[in-house]
Amino acid sequence: MPGEVIALSEPIGDTVKTTTCYMCACRCGIRVHLKDGRIRYIEGNPDHPVNRGVLCGKGSAGIMTQYSPARLRSPLLRIGERGAGAFKEIGWDEALAIATGWLREIRATDPRKLAFFTGRDQSQALTGFWAKEFGTPNFSAHGGFCSVNMAAAGLYSVGGSFWEFGEPDWEHARLFLLFGVAEDHDSNPIKIGLARLKERGARIVSVNPVRTGYSAIADEWVGLRPGTDGLFILSIIHLLLAAERVDLDFLARYTNAGWLVVRDPGGATDGLFARDEAGRTLIHDRRTGAVVEAGSAGAAPRLAGEVRIADGRLAVPSFQLLAERYLDPAYAPEAVAGRCGITAERIRRIAAEIAQAAAEPVVLPHPWTDAAGVRHAEMRGRPVAMHAMRGISAHSNGFQTCRALHLLQMLLGAVDTPGSWRYKAPYPRPTPPHAPPGGKEVRPGHPLHAMPLGMPSGPEDLLVDPAGGPLRIDHAFSWEAPLGMHGLMHTVIANAHAGDPYPIDTLFLYMANMAWNSSPEPAETARQLADKDEKTGEYRIPHVIYADAYFSETVAYADLVLPDTTYLERFDCISLLDRPIGNAEGPADAIRQPVLAPDRDVRPFQDVLIDLAGRLGLHAFVTPNGAPRYASYADYIVHHERRPGIGPLAGWRGDGSASGRGAPNEDQLERYIANGCFWRHELPPEAHYFKFANRDYLDAATALGLIDKPAPITLQLYAEPLQRFRLAALGHGGILPPPDLRERVARYCDPLPFWYPPFEQEAVDEAAFPLSAITQRPMPMYHSWGSQNAWLRQIHDRNFLYIAPETAGALGLADGDWVTVTSRSGSVTCPIRLMEGVNPLTVWTWNAIGKRAGAWMLAPDAAESRQGFLLNHVIATFLPERNGRRLPSSDPVTGQAAWYDVRVRIEKAAKGVTETVPHPPPVLPPPGMILAARGAHA
Ligand code: SF4
């Protein structure tokens with residue numbers, strides 16, 4: 001009928017609630033439709049700044065994660081041998097009393113004996129603070145086995161990085177380079193951005209050994225050999241320098257290219273920045289010829305040429321050191337092409353494309369004022385944008401590779417300019433960072449003096465004993481991993497089992513499936529968790545507490561299981577103090593609210609942590625008379641102040657009108673809920689670019705509490721903190737590495753990026769293990785959560801090992817054959833598929849599809865445990881022992897797990913079911929879960 005209004009979107013239920021998705025790490029806004037108290041449908045929130053209404057397959061399948069039969073139902077106490085899976089259900093009073101008893105004893109005697117490690121925890125601002133207040137240095141989340149190389153390299157170079165720290169300028173980039181991406185970092189935001197690039201006709205080049213995911217829609221795929229990205233990037237830098245296609249003006253203004261570096265071979269200050277008596281860095285002014293303070297009004301630094309400074313030492317600008325290194329023929333395309341697995345001509349062409357794109361600036365008509373007060377009529381930028389993630393960072397050369405990528409950005413002048421990569425507020429942060437980790441002094445009953453994770457500036461910030469040995473159970477911030485700023489979670493269980501550097505009492509894990517897909521060598525990890533001391537008959541790790549929402553493979557190894565809610569049943573806080581969700585045009589944060597009540601005897605982990613803190617009397621969690629300060633996590637989110645006026649949430653503070661800074665506001669959560677569970681602050685256009693030196697941005701960021709003061713941030717081509725570690729390794733100063741680590745520290749703590757072969761490559765005979773083996777994250781899955789989801793299992797319930805046809809042909813293999821994959825540390829038997837888009841010397845598979853039989857309430861004969869497999873079984877935790885020292889198979893600067901270094905051989909096997917050596921037997925579900933699965937529970 002004319003004029004009739006047709007309802008295109010009939011209500012699906014009786015209630016709609018907004019919250020934040022947790023089906024991957026992106027934290028999209030969602031609208032959850034409920035009917036009669038049950039979820040019927042999840043859609044994207046069109047108002048939300050992260051996803052603008054876009055919802056991916058994982059997000060919409062959240063309904064099946066909510067109703068998963070694998071949800072734990074009650075606190076559990078182990079009643080059999082560890083690993084056997086025999087538990088009894090207990091009440092929360094008993095569970096919390098047991099946990100409090102163990103933890104109270106540790107805190108009163110030696111707080112280091114608590115190792116508290118969390119997985120892809122989105123509440124690290126709370127969990128890290130809790131560890132600090134408990135007084136243990138032994139805390140971290142999953143970053144050490146994810147992408148700490150990327151984060152550390154960025155924070156020590158440009159005061160930001162990719163993913164949560166920055167984003168490409170989707171509206172103005174003309175050339176977009178993707179390096180080794182994991183598709184959940186980002187997911188929806190990058191998909192939206194890639195679509196925009198395609199609409200605008202921008203060119204996309206993907207550098208990745210495997211052409212899946214975003215690489216599949218790239219205009220050009222560069223299938224490098226794993227672990228050679230750094231060599232490829234440094235070769236491009238070689239070509240740009242040789243052709244003088246770098247942005248000298250940008251370098252002189254905004255980076256430390258002109259800062260003078262002392263040249264005093266063998267001296268205690270060799271390689272450090274020359275400084276005046278007040279400690280200010282110096283430049284050689286090309287206008288006056290004088291050596292003056294960096295940043296002096298009117299001064300312009302020379303970028304080359306030796307100069308004698310006031311005390312008689314010689315110094316050169318850091319740019320000269322850089323140019324000397326990368327103009328070396330060792331970085332010429334012809335010298336690196338063979339290792340990278342592509343031709344020299346191709347490297348030259350890509351470098352030329354980058355130079356050409358950078359030479360045609362994007363100009364935006366936005367006047368802006370720089371930190372020196374100079375007014376600029378417009379914003380000019382280099383339209384070359386980049387994004388990178390775990391693929392290039394999960395190598396033992398990952399830190400220096402990620403540094404190389406940031407170096408390339410700086411040389412192009414493509415940092416936070418129109419068309420390039422841009423900071424997401426609250427970044428940039430001052431660089432090099434200086435926030436030493438807490439844990440040097442541990443006192444029973446007292447908090448640490450600083451958060452357990454920090455960012456060292458030199459040897460004096462390390463957590464080492466007088467002999468140079470580690471003070472943390474994971475050896476982070478020791479000479480094995482001086483910038484281990486996200487911890488080394490992948491070494492915790494092995495070190496705790498070995499009592500290295502000391503035995504612990506309680507291992508407290510939260511949503512970290514360490515007995516399976518979160519550990520290299522999961523069978524060995526499980527063995528260590530269940531191992532007993534032959535003399536005492538006691539477990540080597542006396543207590544294991546595990547908190548999770550699901551019956552993962554790790555549950556069987558816990559003594560006490562604290563069941564968490566799902567993400568749809570609790571309050572949560574996506575905080576600027578933790579992992580922000582802002583974008584380049586303004587900071588943002590968000591909450592989760594319970595959209596339905598739990599139907600099981602479970603509690604939000606964050607509530608449990610706050611409850612434990614009150615029982616233990618942790619200083620910041622109790623009132624002066626010792627009563628619990630916070631009733632719940634929601635109460636903490638509203639009332640906790642990390643510094644006066646700065647709390648977990650930045651929106652609606654004070655009387656409700658303040659942003660960033662302000663007193664706690666009782667109505668804050670209601671204001672968030674009314675606004676769709678997020679807050680966003682829009683920066684003015686004059687603050688959108690050049691944030692490191694933009695007066696408007698720096699003032700606004702200071703007012704919001706994002707930075708402490710509005711000082712300009714100088715980008716660090718040359719990373720001086722690394723030179724401080726190197727000098728110690730050369731014998732200077734009072735804090736020195738142990739003798740057997742000095743050569744390693746001196747080599748890898750290089751203030752200028754360099755490339756070296758991944759350690760695993762050097763640890764094995766390449767002829768015996770000729771292939772690299774890597775994993776990719778399937779677009780519809782996120783860690784182990786996805787592959788127990790009834791909808792998502794229909795997309796992937798098994799995985800294959802993918803191999804190039806020519807490689808398969810040479811080995812006599814055909815599509816569908818089964819092979820045994822063998823590394824120096826283990827083997828796995830699995831089916832193969834032939835695929836064109838993979839580097840011929842690389843095999844790969846999807847991550848975290850394979851399950852241990854019986855876990856996650858999957859049927860014992862589920863495809864996940866019969867045809868699905870975990871590549872982790874062939875990845876070693878440690879390098880071969882040398883001189884009595886066991887070093888992790890990790891980056892030597894940050895300690896990041898080198899997942900993608902592993903080398904394998906493959907041999908034809910009989911068709912059958914997945915086999916690993918050793919083969920883990922099936923696990924049994926806890927009591928109550930089988931009944932629940934049969935519908936006996938409500
Ligand atoms: S991208 Fe991640 S956070 Fe966003 S809807 Fe998908 S699963 Fe949820």
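Mentor: The model is predicted: local features need pLDDT of at least 70, side-chain atom pairs count only at pLDDT 80 or more, and totals for chains, interfaces and linings use all residues. Residues are numbered from 1 along each chain as its sequence is written, and side-chain values use heavy atoms, with hydrogens and water left out.

Trainee: Why is Lys424 called buried?

Mentor: Its relative accessible area is 9%. Buried means under 20%, exposed over 50%, partly exposed in between (1.4 Å probe, protein chains only). Therefore Lys424 counts as buried.

Trainee: What does the side chain of Lys424 reach?

Mentor: The backbone oxygen of Trp163, at 3.0 Å. A polar contact is a pair of N or O atoms within 3.5 Å; within protein, one must be able to donate a hydrogen and the other to accept it, and residues adjacent in sequence count only if both atoms are side-chain atoms.

Trainee: Where is Lys424 found?

Mentor: In the loop between strand 22 (421-423) and helix 14 (489-498). Helices (H or I, at least four residues) and strands (E, at least two) are DSSP runs, numbered from the N terminus.

Trainee: What makes helix 16 mostly covered?

Mentor: Nine of its 12 residues are buried. Among them are Phe605, Leu609 and Leu616.

Trainee: How does the reach of helix 16 sit against the expected span?

Mentor: From first C-alpha to last, helix 16 (residues 605-616) reaches 16 Å, close to the 16 Å expected. The expected span is 1.5 Å times one less than the number of residues.

Trainee: What follows helix 16?

Mentor: Gly617, with a positive phi of about 70 degrees.
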